[in-house]
Amino acid sequence: MKLPLLILSLLLSVASIAQKLEYSVLFQGIGDNREYSREYALPKTILGERTSFEIGTTLDENHKFRVGLSHLFEFGSEINDLKPNLTAYYQYNDKQKVFYFGAFPRLGLLNYPLAMLSDTLNYYRPNIEGLYGQYKWTWGNQGGFVDWTSRQTDYKRETFLAGIFGKMQFGSFFFENYLLMFHYAGTALRPEGEHISDNHGMSLLLGANLEKLIPIQKAYIKAGILESGLRERNVTDGYITGWSFTGELYGESKSFALRATYHQGDGHNLMYGDSFYNADSYLRTDIYWKFINSEQIQGRFNLSFHLIEGSTLDQSQQLSLVYKFGN
């Protein structure tokens, strides 16, 4: 009962000080079926819904405060199998700067390559618990975040995820950078055989917008390098690294979109990345159908084909329905 009472106290506190009470409710229907046959990824079906709500106030044009809850219910399970996630954060916005501190929704803030951050994070870890900042110029942006994923106890290891990301635009051409680090520290007791681990990834991409060449809503091509490193202190001789070529082609119209991503080189072992990138060669093709596209409701169906090491073709399907309302 302690957590519900804490949430209720926070909500009442916000309501009492708020000059203008604001709220938002998000419903997200999730259907994700993965028909995989190779050892890199397990076949599974994820079917459920996430409901999130927030209330808070805007102190002026720049400062916001929000508290709420977010809960994932997987169909066929008990409602209390997964605990609700607390949402409570401060947000600052102006024309150039964005800053968050607290436990705040991940969706829409991070757009890392799947090789570095898998899409299942949005299902099972919907909030960043830490801080996020971004600075914008007319020609681009640069940002970073820290997500504290586990607090140290006698038997539980301390972990955190941190990253830097950005994009610079020069006419029709652009440059993207993504850096990521996962730190796996020890428990407080530090038993014999327990070693601290570090895991990092980097992607540098050059690209070009193609809308002037292809008369559709959005189109681009980009290519570059993907690098990863893993070390276990006092065990490995420095970092075990991997390098590969990576590229992406994307096109989007009003109702349909196509994305093709390619990776060729060393396999990568990134803690929160898509496990298909452990393979030396991987081609993924996604076909999107936006069957509902209104201001408050977004519905999308995605058919994905996965060609692993040029020999195995797996496929998956994702259905997403997002309904958001509030003031």
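User: Is Leu321 buried, partly exposed or exposed, and what is its relative accessible area?
Analyst: The model is predicted. Leu321 sits in strand β16. Buried means under 20% and exposed means over 50%. Leu321 falls in between, so it is partly exposed, with a relative accessible area of 32%.

User: Which element gives the most to the nonpolar patch?
Analyst: Elements giving two or more residues are β1 (21-35), β14 (281-293) and β16 (312-326). The one that gives the most, with 4 residues, is β16.

User: How many cavities of 30 Å³ or more are there, and what volume has the largest cavity?
Analyst: The count comes to 1 cavity of 30 Å³ or more. The volume of the largest cavity is about 50 Å³.

User: Which elements each supply at least two residues of the lining of the largest cavity?
Analyst: The lining consists of Met116, Leu161, Leu180, Met181, Phe182, Asn199, His200, Gly201, Leu270, Met271 and Tyr272. At least two lining residues each come from β9 (173-184) and β10 (197-209).

User: How many residues of that lining are nonpolar, polar and charged?
Analyst: Asn199, His200 and Gly201 are among the lining residues. Gly counts as polar here. The lining of the largest cavity divides into 8 nonpolar, 3 polar and no charged residues.

Note on methods: Residues numbered from 1 in each chain as written. Predicted model: local features only at pLDDT ≥ 70, side-chain atom pairs only at ≥ 80, totals over all residues. Heavy atoms only, no water. 1 Å grid on protein atoms, 1.4 Å probe; cavity = no way out; pocket = protein on both sides within 12 Å on 5 of 7 lines; lining within 4 Å. Points joined across faces, edges and corners; volume = space filled by probe spheres on them. Buried < 20%, exposed > 50% of the residue type's maximum accessible area, 1.4 Å probe, protein only.
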